[in-house]
Amino acid sequence: MAHSSSATSAVTQKNVIGLSILFLMLAAIFGVLNSHKVKALRASVANAEALRRAVESRSVTQQRDLKTKETTATGEEDKVAEAENKVVNAEAELALLQKEKADLQTRLDANQSEIASLQKRVEEAEKPAKPSENPAAAASAMELQAQLDDARRQLDSAEKEKAFLSDKLQSAQERSAPPQEERKRRETGVRRTGVRGTVLAVNQAYNFVVLNLGARQGVEANSEMLVLREGTLIGKIRISSVEPATAIGDIITGSLARGVQVQPGDTVIYAGTSS
């Protein structure tokens, strides 16, 4: 009996030890698995945090770019308004100068007629009078001389006035040249209206396009282009910068129908300077 009890006790201790070892191994395995899981969770948290920061940074950058673009657009609109005011003022000045030129020309023509009349009077007064033909002329030689001197003084004064009017007319013509050139440039721009081109590239993020038209074709900054696709008008763009053979234009979003976007290959028609 004693031997059997001792054997049972030995088996029980072995079982306990075996179970303890098993539990320790299981605990070690779970510890390793949990460690890997914790590392994975930490990595996921770090990635999520980095992604959040990237999204915030991108949002700040986009907002800054949007503000810059809005500021630029405001500046361009101010430039357009300033240019329009200059054109209006130039046209008003041109009208005044043309009226002044017409008045000066009228006065100059009248002055020339007066000079011709005075010259005729001087020539007649300088002719020697024949007593047989004009007895009174011989008796009043001093009076004729006085008339001759007066006519010469009037002629000299008229000549000076003519020179003054001529200088003033020339000055008016020189002053009217710049407004006339500006009007000619605008008329040239109108004649260039209708020039066709193509959209080379589109940047949807910043809402602008690149065109195969430039200064050589008469495209100007702040002018508008009509965008067509298969002959149908789909929107408008406003030129922001011009190079010799290309131009960049901002898409006027309000001119596009819902769901429609400008695409490479679309046709553009130069519509002239916006007013």
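Trainee: Which residues is leucine 104 in contact with, leaving aside its neighbours within four places in sequence?

Mentor: Leucine 104 is in contact with Leu165, Lys168, Leu169 and Ala172, where contact means heavy atoms within 4.5 Å. This is a predicted model, in which local features need pLDDT of at least 70, side-chain atom pairs count only at pLDDT 80 or more, and totals for chains, interfaces and linings use all residues. Residues are numbered from 1 along each chain as its sequence is written, and side-chain values use heavy atoms, leaving out hydrogens and water.

Trainee: Why does leucine 104 count as buried?

Mentor: Buried means under 20% relative accessible area, exposed means over 50%, and partly exposed is in between, with a 1.4 Å probe and protein chains only. Leucine 104 has 4% relative accessibility, so it counts as buried. You will find leucine 104 in helix α1; helices (H or I, at least four residues) and strands (E, at least two) are DSSP runs, numbered from the N terminus. As for Ala172, which is 68 residues from leucine 104 along the chain, the two C-alpha atoms are separated by 9.2 Å.

Trainee: Which residues form a nonpolar patch on the surface?

Mentor: Leu19, Leu22, Phe23, Leu26, Ile29, Phe30 and Leu33, and together they have about 680 Å² of accessible area. Patch residues need over 30% relative accessible area and no salt bridge; nonpolar side chains (Val, Leu, Ile, Met, Phe, Trp, Tyr) are joined within 5 Å, like charges within 9 Å. A salt bridge is a side-chain nitrogen of Lys or Arg within 4 Å of a carboxyl oxygen of Asp or Glu. The areas come from the Shrake-Rupley method with a 1.4 Å probe, and for residues only the protein chains shown count as cover.

Trainee: Why does aspartate 266 count as buried?

Mentor: Its relative accessibility is 4%, under the 20% limit, so aspartate 266 counts as buried. Aspartate 266 is in the loop between β5 (247-252) and β6 (267-273).

Trainee: Which side chain makes a polar contact with the side chain of aspartate 266?

Mentor: That of arginine 229, at 2.8 Å. A polar contact is a pair of N or O atoms within 3.5 Å; within protein, one must be able to donate a hydrogen and the other to accept it, and residues adjacent in sequence count only if both atoms are side-chain atoms. The backbone nitrogen of glutamine 263 also lies 2.8 Å from a polar atom of the aspartate 266 side chain.
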